[in-house]
Amino acid sequence: MSDRKLPRLLQSPAVLLLLVWMLIPLGMTLYFSFIRYVLNSLRRPEWTSPSLSNWRGFGNYEFVLNSKDFLFAIQNSLFIVCSILFLTVILGVLIAVLINKSFPGQGIVRVLLISPFFVMPAVNAVLWINMILDPVLGLQGIAVANLNDLAAALRDAPVIGWFFALWPQLEPISFRATQTSAYAVIIMVTWQWTPFAVLIFMTSLQSEDQQQKEAAVLDGASSWSQFRFLTLPHLGRPIAIVVMIQAIFHLSLYAEIEIVSRGNGNKNLPYLIGEFANNNIGAASATGIFAVILANIVAIFLLRMVGKTLME
Amino acid sequence: MAIVAKPSKLGTFGRPVLAWTVGLLFFFPIFWMVLTSFKTDADAVKPEHLIFFQPTLENYLNMTENYDYWRFARNSVITAVMATLFTLFVGIPCAYAMAFNPSRATKDVLMWMLSTKMLPAAAVLYPMTFLTKSAGLFDTHFLIILVLSLINLPIVVWMLFTYFKEIPKDIIEAGKMDGVNTWGEIREILIPLAWGGIAATALLCFIFCWNEAYWTVRLTTTNAATLSKLIEGNRAPEGLFFGRLSAVSAAAVGPIVVLGWFCQKQLVQGLTFGAVK
């Protein structure tokens, strides 16, 4: 066998598998998005199986664009993803700078910190929404109740009592409403992915130019300006990569939304597709194509940003 | 102004205290889950038993009865192990060819592979359900193994590629001169040399397979259902079963979190595709 053929042969199983995995389902989604296709229809039984004679053109797309849910789902997807990105990057940089210098127990703190990243998403969601955020039985509810009791008890105390009498009765927050459950999702995913950002930023900080830093210290640069003009620029590329990888993962966030907000209106694009797919396959497919377009816009934009550095 | 590198009080005492606080805070939910798993269901929702309670193993002992835990765990192990092996089987030759015989297209192929990760899974949900149901593969181990392999293949190829690139080409060339064929090269030279990298890749792939929560939930019902599906199916106990739910959750994530501790360094390389070193 010639030298050129063999490498190709070795690569072909991986390439072919991925090609099939990508093209066939995507092709079918594209096809279904242009026909009328519903799973249950007593009135029009011919729509219940996919066929070219049910051609609908851009009708499904129009239907999806006109549905209130779609716009909300896009806004909500972007809101959730952007909030998570913002929080994880800020927290990630701060924590990475904090634990980068050696201190007693650095290794243990590192292990403690990274642990949330390995928790499966379903457990993450169940744990947070029930045992921590629940307004009555979760830690949140218990903490709020205790604070109220404490304030009530201190109200009758001499000297300081007037101060506590001014305190309002605290109300626990229910994280199962539409808007608040989006916050719950943001909290739990931020908890899971901040460790990932910390890990990457820490790795990058270890390759920071120490001589430059020492020079800055000798020149009397404050810690803040060291951070601002040396560390932060150094973290530029890792931040871009963290943003890219997380954007890919979080645009298709599913398990957390499913568990936290089943049916309460807090939906993102994948969840909306799942809802449509219970009956209206045409609409589900059109929404899927929109999701692909959205993901591509984000991906092209981000790959431009980091693509070159990947191959070095 | 010029105070030269004199460690401040905050530096010597504040940093460790703050760092430990942050670390414990992040670990706290996991700790809380494990703690709750040793409470009875009744104690788990009583504020007076928040910290002080009579620990019990009952939740772990009844896991089979309550949730049929071992069936789901067995499915998770089978699918994750098989998917990891299959991914390596396909990925190693591919990464080998890319690292040692790169062509002009190699870079593009690698980027294209990465781009398949960006395809939102939900977009192809129905066709996948349709295809697998009509092929009789829905809810089978085979299907889950295949899907888990395919979604992790890009990451595995990238990771292996970054490890193989570090191996001097001369060593492989020397093997060629000795008349070893390609499989021999891979088996007798490449795999022993890159053993650490391959093991790390396998470990990470296994973790991702274990934690996958979209396809394993949507493409199974009972037969091939994994632990993700088990937890997802018991999502809303409304305070009824905090104890037993914590136990089964802890049993689902415990082994993986511990495995994760061992491969945190590789995680950086794997998920940033070698761009952060």
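The model is predicted. Chain A is built from 14 helices and has zero strands. Its radius of gyration is 26 Å, well over the 20 Å that the globule rule gives for 312 residues, so chain A is more spread out than a compact globule. In the contact between the chains, 85 residues come from chain A and 85 residues from chain B.

**Confidence**

- Chain A has a mean pLDDT of 83, and 96% of its residues reach 70 or more.
- Within chain A, confidence is highest in helix H3 (residues 68-100), where the mean is 91.
- Confidence in chain A is lowest in helix H7 (residues 161-165), where the mean is 78.
- Where pLDDT is low, predicted coordinates should not be read in detail.

**Overall form of chain A**

- Along the principal axes, the C-alpha atoms of chain A fill a box of roughly 80 × 65 × 30 Å.
- Of the 312 residues in chain A, 41% count as buried.
- Among the contacts in chain A with a separation of 6 or more, 69% are between residues 24 or more positions apart.
- Helix H9 (residues 210-218) of chain A is hardly covered, as the count of buried residues among its nine residues is zero.
- A:Gly220 follows H9(A) and has a positive phi, near 80 degrees.

**Contact between chains A and B**

- Chain A and chain B each give 85 residues to the contact.
- On the side of chain A that touches chain B, the largest share comes from helix H1 (residues 5-32) of chain A, with 16 residues.
- That side of chain A divides into 67 nonpolar, 15 polar and three charged residues.

**Positive phi in chain B**

- B:Asp68 has a phi near 60 degrees, which is a positive value in a residue other than glycine.
- The loop that holds B:Asp68 runs between helix H4 (63-67) and helix H5 (69-100) of chain B.
- B:Asp68 has 14 other C-beta atoms within 10 Å, so this residue is partly exposed.
- B:Asp139 is a residue other than glycine with a positive phi, near 65 degrees.
- The loop between helix H7 (125-134) and helix H8 (141-165) of chain B contains B:Asp139.
- B:Asp139 counts as partly exposed because it has 16 C-beta neighbours inside 10 Å.

**B:Lys165**

- B:Lys165 belongs to helix H8 of chain B.
- B:Lys165 counts as partly exposed because it has 14 C-beta neighbours inside 10 Å.
- From C-alpha to C-alpha, B:Lys165 and B:Met98 are 8.8 Å apart in space, while they are 67 residues apart in sequence.

**The largest nonpolar core**

- The largest nonpolar core has 173 residues.
- The members that touch the most other members of this core are A:Ile273, B:Ala95, B:Val157 and B:Leu160.
- H8(B) supplies the largest share of this core, 18 residues.
- Leaving out residues up to four places away in sequence, B:Leu160 touches B:Gly91, B:Ile92, B:Ala95, B:Gly197, B:Ile198 and B:Thr201.
- In soluble globular proteins, nonpolar side chains tend to be buried together.

Definitions and conventions: Residues are numbered from 1 along each chain as its sequence is written. Chains are lettered from A and ligands numbered from 1 in the order in which they are written. pLDDT is the predictor's confidence in each residue, from 0 to 100. Helices (H or I, at least four residues) and strands (E, at least two) are DSSP runs, numbered from the N terminus. The radius of gyration is taken over C-alpha atoms; the globule rule is 2.2 Å times the number of residues to the power 0.38. A residue is buried if 20 or more other C-beta atoms lie within 10 Å of its own, exposed if 12 or fewer, and partly exposed in between; C-beta atoms are placed from the backbone. Two residues are in contact if their C-beta atoms, placed from the backbone, lie within 7 Å. Ala, Val, Leu, Ile, Met, Phe, Trp, Tyr, Cys and Pro count as nonpolar, Asp, Glu, Lys and Arg as charged, and the others, Gly among them, as polar. A nonpolar core is a set of buried Ala, Val, Leu, Ile, Met, Phe, Trp, Tyr and Cys residues joined through C-beta atoms within 7 Å.
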